[in-house]
Amino acid sequence: MKDKTYKLAVVGATGLVGQTALKVLEEKKLPISEYVFFASSKSKGKTIQFMGKDYVVRELTENSFDEGFDFAIFSAGGETSKKYSPIAASKGCIVVDNSSAFRMDKDVPLVVPEVNASEISKNHGIIANPNCSTIQAVVPLKVLDDKYKIKRIVYSTYQAVSGAGWKGITDLNNTMKGLAPSKFPYPIFNNCLPQIDVFLDNGYTKEEEKMINETRKILGNEDLNITATTVRVPVMNCHSESINIEFENSFELDEVFDLLKNSPGIIVMDDIKNSVYPLATIASGHNEVYVGRIRRDFSIKNGLNLWVVADNVRKGAATNAIQIVEELIKLG
Ligand code: A2P
């Protein structure tokens, strides 16, 4: 019997995440026999090279999903997802949505495959890909939560401009030359901006709120104590995060190292005698989450500090979405 093959749409194929998704798809060689690439009317008719062939970009419309798709990866912003994901799902296509539009919906699984792949089967046509800074954090956090039970998390992030798409990269390049910013509120060159997305009434930014709420949902603990400060830094690619954790239970540092080393999707890089620790330039272009500076927080009982770096466009977006598609294929 011939093996089953699938048909996949990539919505936002001309964007930074969309383009990276194509690279990851080329690397992974999934049993997908048909690909269709969508973007806005602006890109209609453009050619994309993929797996040695030329593909013409189609404009996304309300009828785009009439022809039938097994899966679609959406990475074209929240408004596009809100409008078109339900249309795609109503036509039998399972959507992996990279926007924040559906992440906190009770009926929508929010999935990082290393953490909660079992949620995938509960989908009703839409599965949400978490926020980039949340994805890389929960990969090590889940392993440690299972073993020592997390009581509180303090996140401090150092987020690359690629997290804001092509426009973010352009802003760093332009402000480096002394030009005015058009994406971020201030020149990102030579600055760390303690604002990612808009401010909320409680004084936090939307990015900080996303990290808090999405971590709670993915770890399955709505009451988990979490605080976050998210900062945009003049780094092209890869988010870095300082994560301070307080556990309910005591731990041995050696055991923490072993747990992290033996977990899928994690690379431990921690050899301080030789100044070895995760860096953006090391993680860039890779799919794993890099963890280092693993050390006790002596200021509290059962406290631990981690330095966590990952390619935010890959593991934080494209790779995670494609891993979800891989899991869907396994489900048949
Ligand atoms: P386009 O290139 O035609 O504007 P990024 O975040 O890197 O800027 O990428 C955003 C992606 O979302 C692009 O592929 C962009 O296509 C796509 N996009 C934006 N608006 C729409 C829309 N209304 N319909 C379909 N795709 C869209």
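Which side chain does a polar contact of 3.5 Å join to that of Gln159? It is the side chain of His239. A polar contact here is a pair of N or O atoms within 3.5 Å; within protein, one must be able to donate a hydrogen and the other to accept it, and residues adjacent in sequence count only if both atoms are side-chain atoms.

Before going on, the ground rules. This is a predicted model, where local features need pLDDT of at least 70 and side-chain atom pairs count only at pLDDT 80 or more, while totals for chains, interfaces and linings use all residues. Residues are numbered from 1 along each chain as its sequence is written, and side-chain values use heavy atoms, with hydrogens and water left out.

Back to Gln159. A polar contact of 2.9 Å also joins its side chain to that of Glu207. Gln159 sits in strand 9, residues 150-159. Strands are DSSP runs of E, at least two residues, numbered from the N terminus. Gln159 is buried, at 1% relative accessible area. Buried means under 20%, exposed over 50%, partly exposed in between, with a 1.4 Å probe and protein chains only.

Asn225 belongs to strand 10, residues 225-232. Its relative accessibility is 44%, so Asn225 counts as partly exposed. Asn225 and Ile153 are 72 residues apart in sequence, yet their C-alpha atoms are 6.4 Å apart.

Next, the ligand. Around the ligand are 15 residues, and Thr14, Gly15, Leu16, Ser40 and Ser43 come nearest. Near means that a heavy atom of the residue lies within 4 Å. By class, that shell has six nonpolar, eight polar and one charged residues. Nonpolar covers Ala, Val, Leu, Ile, Met, Phe, Trp, Tyr, Cys and Pro; charged covers Asp, Glu, Lys and Arg; the others, Gly among them, are polar.

Now the atoms. A side-chain N or O atom of Thr14 is 2.6 Å from a ligand oxygen. Leu16 uses its backbone: an N or O atom there lies 2.9 Å from an oxygen of the ligand. For Lys42, a polar side-chain atom is 3.3 Å from a ligand oxygen. Taken alone, the ligand exposes 580 Å², and the protein buries 71% of that. Those areas come from the Shrake-Rupley method with a 1.4 Å probe.

Six strands make an open sheet, ordered 5-2-1-6-7-8, with parallel pairing. Strand 5 (58-59) and strand 8 (126-128) are the edges, each pairing on one side only. Two strands pair if DSSP finds at least two bridges between them. Strand 7, residues 94-97, runs parallel to strand 8, joined by three bridges. There, Val95 stands opposite Ile126.

Further along, strand 12 (residues 266-268) and strand 13 (residues 289-297) run parallel, with three bridges. Val268 has Val291 as its bridge partner. Strand 13 also pairs with strand 14, residues 303-310, this time antiparallel and over seven bridges. Asp297 is opposite Gly303 in strand 14. Five residues lie between the strands of that hairpin, and Asn302 takes a positive phi near 55 degrees.

How values were computed
Helix = DSSP H or I, 4+ residues; strand = E, 2+ residues; numbered from the N terminus.
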